[in-house]
Amino acid sequence: MEDLGGKLLMPGMIDAHVHYPQTDIIASPASGLLPWLNTYTFPEEGCFDDPEYATEVAGFFLDTLLAGGTTTAAVYCTVHPQSADAFFAQSEKRNMRMIAGKVMMDRHAPDFLLDTAESVAAQSETLIQRWHGKGRQLYALMPRFAPTSTDAQLRLTGELAAAYPDVFIQSHVAENRDEIKWALELFPGSRSYLDVYERFGLLRERAVYGHGIWFEDEDCQRMVQTGAVAALCPTSNRFLGSGLFDFLGADKARMPLAMATDMGGGTSFSLLQTMNELHKVARMGGTHLSVVRMFYLATLGGARALKLDGMIGSFAPGMEADFIALDPQATPLLARRIARTGTLEELLFAYAMLGGAQAVGGTWIAGKRFVPRGAS
């Protein structure tokens, strides 16, 4: 029995949208989403054709998540199948419950990052059969975003999604006004950017779409009706100047939501730090987002949205025992503030506003404590 000395136990947190190949380009300056992709993201992702490089980055990425209290994530790899193999191998080594997949792009990206519609289908099916359901690993089909996939690629992705209904789907949608305009030019006749995905059978349960800042009312309704999930990415949206998520519209429609860092467009691996930003984004849009709801979105709410609440997200009997301990003495300021709290709401709010990764005093995966590399 381990004495945790007054720490607060809670389920491990769930990051619903994050890019492991962007680990080393976090905090890169750019004037917006598309320039950021071309200047930093695409060149870095070209390095992931090297399995050794991918393995090293994946290991650092996963250890950083664990140190900050994130025990499950929906993770983008690159177009290279070896980037997905490297990631899953590192996740399996740590016995983590992870969702990941190779990115799909067959146009509007550098030649060294392009696949084809046919290669995507073959490579993705091989990766599904190799990793989906192996231990705690889960696979996701991942067209990067509609503008970087042809009709043929999205059609084949939809066919794979129909053939493997328990795999996940992950992509980006309605993040940036320029991106929306581009998507509608490339897919004429679509009602909206989200409608592009629905036309190809990619809107359903276990489909996770990052951002959704500029959804129309009908988009919110279609998300609800199909069971698709919006991943909230406040640090990324503010960093890239993309906009503020419309909580009023989402809540009116009762749209499924989960929390995400979107690192490296996001500026922190920490979901506690992400709560800090999410609270501000909601306030700026006229919504008071309670701290209880934020912790819910990062734990059981995220698990429910991803259809994983029978495995993770709570301390209910039968769960997989992924949990963390928050340390009230993590920093002198946090300790002083927590000493003055009188309610659970005040306590959790202090962790969200003042905590960050340093507030995590321990992480357990399937009941086994994570020990950072280099620690005794």
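User: By class, what does the lining of the largest cavity have?
Analyst: This is a predicted model, where local features need pLDDT of at least 70, side-chain atom pairs count only at pLDDT 80 or more, and totals for chains, interfaces and linings use all residues. Numbering runs from 1 along each chain as its sequence is written, and side-chain values use heavy atoms, with hydrogens and water left out. A cavity here is a set of points on a 1 Å grid over the protein atoms alone where a 1.4 Å probe fits but cannot get out, and lining residues have an atom within 4 Å of a point. Counting Ala, Val, Leu, Ile, Met, Phe, Trp, Tyr, Cys and Pro as nonpolar, Asp, Glu, Lys and Arg as charged and the others, Gly among them, as polar, the lining has five nonpolar, five polar and four charged residues.

User: Which residues lie nearest the centre of the largest cavity?
Analyst: The structure holds four cavities of 30 Å³ or more, and the largest has a volume of about 120 Å³, taken as the space filled by probe spheres set on the points. Helix α1 (residues 33–45) gives the largest share of its lining, three residues; helices here are DSSP runs of H or I, at least four residues, and strands are runs of E, at least two. Of the 14 lining residues, the ones nearest the centre are L33, W36, L37, H172 and E175.

User: Is D106 buried or exposed?
Analyst: D106 is found in the loop between β5 (103–104) and α4 (117–131). Buried means under 20% relative accessible area and exposed over 50%, with partly exposed in between (1.4 Å probe, protein chains only). D106 has 15% relative accessibility, so it counts as buried.

User: Which are the edge strands of the open sheet of four strands?
Analyst: The order is β1-β11-β12-β13, with antiparallel pairing, and two strands pair if DSSP finds at least two bridges between them. β12 (residues 360–365) and β13 pair over two bridges. Pairing on one side only marks the edge strands, β1 (8–11) and β13 (368–369).

Notes:
On a 1 Å grid over the protein atoms alone, a cavity is a set of points where a 1.4 Å probe fits but cannot get out, and a pocket is an open set with protein on both sides within 12 Å along at least five of seven lines; lining residues have an atom within 4 Å of a point.
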